[in-house]
Amino acid sequence: MKTGARLPVVMRGYDRSQVDTLLKRISHALNGGPPISADEVRGVRFDVVLRGYDNRAVDELLRECIRELQARAPIAERPGRPRAQPAWLISWIQNARFSGAGLRTGYDVRDVDAFLDRVVAGLRGTAPPVTARDVRESAFRVVRLGPGYEEQEVDRFLVQLASALER
């Protein structure tokens with residue numbers, strides 16, 4: 001994304017110093033400086049002056065900047081991703097039921113239950129929070145004879161849980 005792009009000057013267009021100031025601010029934000037949100041950029045209005053930047057060219061460049069800012073925003077702030085409510089998530093986790101592995105190998109029931117208890121405790125704030133990455137990297141002992149959960153069911157549930165935690 002080029003915030004230093006040369007914009008065409010027209011007879012009547014956006015105030016060049018206002019546009020340049022915003023583009024400099026966006027450039028700093030994209031390079032680790034003070035943040036600016038996509039909503040802030042959308043809310044900016046420029047004065048129309050003689051010998052200003054072409055409105056269409058500026059608008060297109062700002063749309064590109066907004067896309068870049070959204071792509072770099074924390075996942076929870078990205079558009080189209082509703083935030084999962086901890087109470088709902090806790091209830092969903094506590095109500096999860098997995099089939100027994102029967103005579104096949106399965107994940108150790110105690111390991112899976114202890115991990116999900118840790119996730120719930122993190123959501124309640126009584127333990128360190130468990131991240132989506134923690135969920136993706138979780139590993140359980142496999143048991144052949146003894147109480148075990150169907151591995152594919154647990155894996156599918158964990159994929160959904162990681163996605164919910166990212167929100």
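Student: At what angle to E3 does helix H5 (residues 109-124) run?

Tutor: This is a predicted model, in which local features need pLDDT of at least 70, side-chain atom pairs count only at pLDDT 80 or more, and totals for chains, interfaces and linings use all residues. Residues are numbered from 1 along each chain as its sequence is written, and side-chain values use heavy atoms, with hydrogens and water left out. Helices (H or I, at least four residues) and strands (E, at least two) are DSSP runs numbered from the N terminus; axes are lines fitted to C-alpha atoms, for helices over the stretch in contact, with angles from 0 to 180 degrees between N-to-C directions. Helix H5 lies across E3 and E5, and its angle to E3 is about 60 degrees.

Student: Which strands does helix H7 (residues 151-166) lie across?

Tutor: Helix H7 runs at about 70 degrees to E3. The strands that H7 lies across are E3, E4 and E5.

Student: In what order do the three strands of the open sheet come?

Tutor: Strands of a sheet pair through backbone hydrogen bonds, either parallel or antiparallel. Here two strands pair if DSSP finds at least two bridges between them, and the pairing in this open sheet is antiparallel. The edge strands, E4 (142-143) and E5 (148-149), each pair on one side only. The order is therefore E4-E3-E5.

Student: What pattern does the protein chain follow along the sequence?

Tutor: The chain has seven helices and five strands. Read along the sequence, they give β-α-α-β-α-α-β-α-α-β-β-α.

Student: What share of the 167 residues in the protein chain is buried?

Tutor: Buried means under 20% relative accessible area, exposed means over 50%, and partly exposed lies in between (1.4 Å probe, protein chains only). Among the 167 residues, the buried share is 35%.

Student: Is Arg 42 buried, partly exposed or exposed?

Tutor: Arg 42 is in helix H2 (residues 38-43). Not counting residues up to four places away in sequence, Arg 42 touches Ile 66 and Gln 70, where a contact means heavy atoms within 4.5 Å. Because its relative accessibility is 38%, Arg 42 counts as partly exposed.

Student: With which side chain does the side chain of Asp 111 make a polar contact?

Tutor: Asp 111 is in helix H5, and, leaving aside its neighbours within four places in sequence, it is in contact with Phe 140 and Arg 141. A polar contact is a pair of N or O atoms within 3.5 Å; within protein, one must be able to donate a hydrogen and the other to accept it, and residues adjacent in sequence count only if both atoms are side-chain atoms. At 2.8 Å, the partner of Asp 111 is the side chain of Arg 141.

Student: Which side chain does the side chain of Arg 104 meet in a polar contact?

Tutor: Arg 104 is found in the loop between helix H4 (86-94) and E3. Leaving aside its neighbours within four places in sequence, Arg 104 is in contact with Val 143, Arg 144 and Glu 150. The polar contact, at 2.5 Å, is with the side chain of Glu 150.
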